[in-house]
Amino acid sequence: MKPVKKVALLHDLCGVGKAAMTNMLPVLSVMGIEACPIPTMLLSTHTGGYGRPAIARISPEYIKGCADHYREQKVVFDMIFIGYLGNEELAESVLYFVSCFPEAMVVFDPIMGDHGKYYSNFDTCYGEALKKLIPCADLLLPNLTESCLLSGYPYTTELSRKDLGMICETLHEMGAKKLIVTSVPDGRNEKAMLLYEGGTLTVMETTQLSAEFHGTGDAFDGVLIASILKGCSLKESMAEAHRFVYACMVESLKRNYEEREGLMIEKNLYMLV
C-alpha cells in the first residue's frame, strides 16, 4: 500500500491573495495527501481587489505534455481535481489529461460564475467548453449559479426542492456521477449544500457569515477531496470542509483581515491534522 494518496491539481496559481491552488496545497499536505500542482494559469494576484493582475496563460500543449511525461514515468494518481481553467482552449487538453489516467477519481469544480451570472471574463462559450468535462466527473462541485448555467435551468434564489432535484438530474444525465451543489439559499437567510448521490437528493443546512472572503471555495474543495481520499463518506467530507471554512472565516473576521487577502487558513490548519 502506498504511504500517501496522490492528487493532480489542475487549477490556477495566484502569488498574492490566498485563493485557488494557494489554499489547496497546504490543506492537502496537512491532511496527509500528496498534492501535485499542474497550473492552468499563473496570476500575480487573484482578480478581486488588487486591480489588474499580471497573467501568464498556460498552453494546452503544456497540459498534454505533463500527462505524457507522467504516463511515460508510470506516475499513478488516486484523484484528478479540475478547477479554474480560464479559457476554453484548455478544455480539450484537460480531457486528454484525464484520459491518460482512467483509474483516477475525477472531481470537477466548474468555476465560472456566481450570484446568477457568469464572471465578467466568461460567457456562454466558456460554459459550453466546460460542459465537455462533465461526463468525466465522478463528482461535480458547482455552486447554484454554475449548476443553473450548465443545466440551462433559469436561476433564482427561490428554487423549490423539486427544481433543485431537476437541476441535479439534468447534470447527472449530462454525465456527472455524483454532485455537491453549494451556495443554495434555504429560506432562513442562510445557505445550504446539496448532495445528489444514487438518484437521491439530500439537503445539508449550514451556518453562514456575511463576509465573502476570496478562496473559501478552494479551501472547502481541499478539505473535501482530502477527506474523500482518506475514506470518509461524501456527507462526512462536506461537514468537515464546512467546519474548517467556517472556523477560518471566524478567525478572519476576528482579526479584521481584508477580504481581498483571501481566507485566513494559517491559524486553523491545526484543525486538519
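1. Asn23, Met24, Val27 and Leu28 of helix 1 are in contact (heavy atoms within 4.5 Å) with Asp218, Ala219, Asp221, Gly222, Val223, Ile225 and Ala226 of helix 7. By class, the residues of this contact are seven nonpolar, two polar and two charged; Ala, Val, Leu, Ile, Met, Phe, Trp, Tyr, Cys and Pro count as nonpolar, Asp, Glu, Lys and Arg as charged, and the others, Gly among them, as polar.

2. The model is predicted: local features need pLDDT of at least 70, side-chain atom pairs count only at pLDDT 80 or more, and totals for chains, interfaces and linings use all residues. Residues are numbered from 1 along each chain as its sequence is written, and side-chain values use heavy atoms, with hydrogens and water left out.

3. Helix 1 (residues 21-30) and helix 7 (residues 216-229) pack with axes 8 Å apart, at an angle of about 30 degrees. Axes are lines fitted to C-alpha atoms, for helices over the stretch in contact, and angles run from 0 to 180 degrees between N-to-C directions. The two helices are therefore roughly parallel (angles under 35 degrees). Helix 1 passes helix 7 in a right-handed crossing, that is, the near helix is turned clockwise from the far one by less than a right angle.

4. Nine strands form an open sheet of mixed pairing, in the order 3-2-1-4-5-8-9-10-11. Strand 3 (55-57) and strand 11 (200-205) are the edges; each has a single partner strand, so one side of each lacks a neighbour in the sheet.

5. Strand 2 (residues 33-45) pairs with strand 3 in the antiparallel sense over three bridges (pairing needs at least two DSSP bridges). Leu42 lies opposite Ala56 of strand 3.

6. Helix 1 also packs on the sheet, touching strand 1 (5-16), strand 2 and strand 4 (79-82). The direction of helix 1 makes about 140 degrees with that of strand 1. Helices (H or I, at least four residues) and strands (E, at least two) are DSSP runs numbered from the N terminus.

How values were computed
Parallel < 35°, antiparallel > 145°, perpendicular 65-115°, else oblique.
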